[in-house]
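Welcome! Here is a short tour for anyone meeting this protein for the first time.

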Amino acid sequence: MSTAESSSPLIAVDAIADGAFAEVEVCLDGDYESAVLYRQGGSVRGWLNICPHAGRRLDWAPGQFLKSREGHLVCAAHGASFSLEDGECVAGPCKGDALRTVALQVRDGQVYLA
Ligand code: FES
């Protein structure tokens, strides 16, 4: 029997292709928010799916995110590019701003809020 966890997994790591994105709902401070997850090998990083430029979602359709040739996450609204290391905007209308990090933890092949 599995042990009871205080929180349920957001998604299995293997449900995200290596180098690809997934969209999940996260509960932060009692509010449900859309988040973008990015998998790199066995690690997964996450940010709120809210662009610091004009507050729009980053995906062009639910769960469909753009990745540039340089390996940045690109906001579908006006093209701001974000580093997949730290979520900082490296080019575009909100250069220097950053996505809001969602702290994650990978355990037993599952992704949890940290
Ligand atoms: S809302 Fe993302 S670049 Fe404008």
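## Ground rules

Two strands count as paired if DSSP finds at least two bridges between them. Helices (H or I, at least four residues) and strands (E, at least two) are DSSP runs, numbered from the N terminus.

The model is a predicted one, where local features need pLDDT of at least 70 and side-chain atom pairs count only at pLDDT 80 or more, while totals for chains, interfaces and linings use all residues. Residue numbers start from 1 along each chain as its sequence is written.

## The overall build

The protein has 10 strands and 0 helices. Its C-alpha atoms fill a box of roughly 50 × 30 × 25 Å, taken along the principal axes.

E2 and E3 run antiparallel and are joined by 8 bridges. Across from glutamate 23 stands valine 36 in E3.

## The nonpolar core

A nonpolar core is a set of buried Ala, Val, Leu, Ile, Met, Phe, Trp, Tyr and Cys residues joined through C-beta atoms within 7 Å. Buried means that 20 or more other C-beta atoms lie within 10 Å of a residue's own, with C-beta atoms placed from the backbone.

The largest such core holds 22 residues, and Phe21, Ala35, Val36, Leu37 and Leu58 touch the most other members. Strands E2 (21–28), E3 (31–40) and E4 (43–48) are the elements giving two or more residues to this core. E3 provides the largest share, 4 residues.

Methods:
Buried ≥ 20, exposed ≤ 12 C-beta atoms within 10 Å, placed from the backbone.
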